[in-house]
Amino acid sequence: MFSSINGPHWHLLLNHLPVVGVMGGVLLLIYGLARRSSEVIRASLWSFVLVAILAFAAHATGDPAAAAIRDLPGVDRADIRAHDDASGTAMLVSIGLGVLAIVALIRGATKKDKLVDSTNPNYLRSYVRFHKSPPRAMV
């Protein structure tokens, strides 16, 4: 199945994943911060690491894709060059984001989890106190 996939195919398969991944990771991070959930925040950080890897892969498949379409009619080499320049910048930003995410994951692994500590009796008491009565609009 994958034996007939060439450079442009791989590039098209990979080049939009980092864009969508960053948006998904940011939404996941916002949700995790709003819910004060360290698990969701860690998941968003791991998604940024994955985005950095995918951005590198998308950039690496760009040259074979450009070589395959460079001589086709209607393809302007200046457009390919501009696309390559933009992808290089996007890759560097994505890798920087991935490195920051790794640093945050390492720092988070070495510190006690302050956002949600379900083993803390005070956390459990405050959770029960907050959730034991229905909202006033429901009464």
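1. The side chains of Asp 71 and Arg 77 meet in a salt bridge, with 3.0 Å from N to O, where a salt bridge is taken to be a side-chain nitrogen of Lys or Arg within 4 Å of a carboxyl oxygen of Asp or Glu. The structure holds 1 salt bridge. Asp 71 is exposed, at a relative accessible area of 65%, whereas Arg 77 counts as partly exposed at 43%; the cut-offs are under 20% relative accessible area for buried, over 50% for exposed and the range in between for partly exposed, with a 1.4 Å probe and protein chains only. Side chains of opposite charge can pair when their charged atoms come close.

2. A word on the basis of these values: this is a predicted model, in which local features need pLDDT of at least 70 and side-chain atom pairs count only at pLDDT 80 or more, while totals for chains, interfaces and linings use all residues. Residues are numbered from 1 along each chain as its sequence is written, and side-chain values use heavy atoms, with hydrogens and water left out.

3. On the overall fold, the protein has 6 helices and 0 strands, and its pattern along the sequence reads α-α-α-α-α-α. Helices (H or I, at least four residues) and strands (E, at least two) are DSSP runs, numbered from the N terminus. Of the 139 residues in the protein, 24% are buried. Among contacts with a separation of 6 or more, 69% are between residues 24 or more positions apart, a contact being heavy atoms within 4.5 Å. The accessible surface comes to about 10,200 Å², and carbon and sulfur atoms hold 68% of that area; accessible areas come from the Shrake-Rupley method with a 1.4 Å probe, and for residues only the protein chains shown count as cover.

4. Helix 2, residues 17-35, has 19 residues and reaches 26 Å from its first C-alpha to its last, which is close to the 27 Å expected at 1.5 Å a residue; the expected span is 1.5 Å times one less than the number of residues. Which residues of helix 2 are buried? They are Pro 18, Gly 25 and Gly 32, and, seen down the helix axis, they fall within an arc of 50°, so they line one face of helix 2.

5. Arg 36, which follows helix 2, deserves a look when the backbone is inspected. Arg 36 has a positive phi of about 55° although it is not a glycine. This residue lies in the loop between helix 2 and helix 3 and is partly exposed, with a relative accessible area of 47%.

6. Helix 5, residues 77-110, has 34 residues that should span 50 Å at 1.5 Å a residue, and its end C-alpha atoms are 49 Å apart, which agrees. The buried residues of helix 5 are Ile 80, Gly 88, Met 91, Ser 94, Gly 98, Ala 101 and Leu 105, and these pack against helix 3 and helix 4 (62-69).

7. Ile 95 of helix 5 and Ala 52 are 43 residues apart along the chain, with their C-alpha atoms separated by 4.6 Å. Ser 38, in helix 3, is buried at 5% relative accessibility, and its C-alpha is 9.1 Å from that of Gly 108, a residue 70 positions away along the chain. Ala 109, in helix 5, is exposed at 67%, and Ala 109 and Arg 42 are 67 residues apart in sequence but 9.8 Å apart in space, C-alpha to C-alpha.

Notes. Arc of directions from axis to C-beta.
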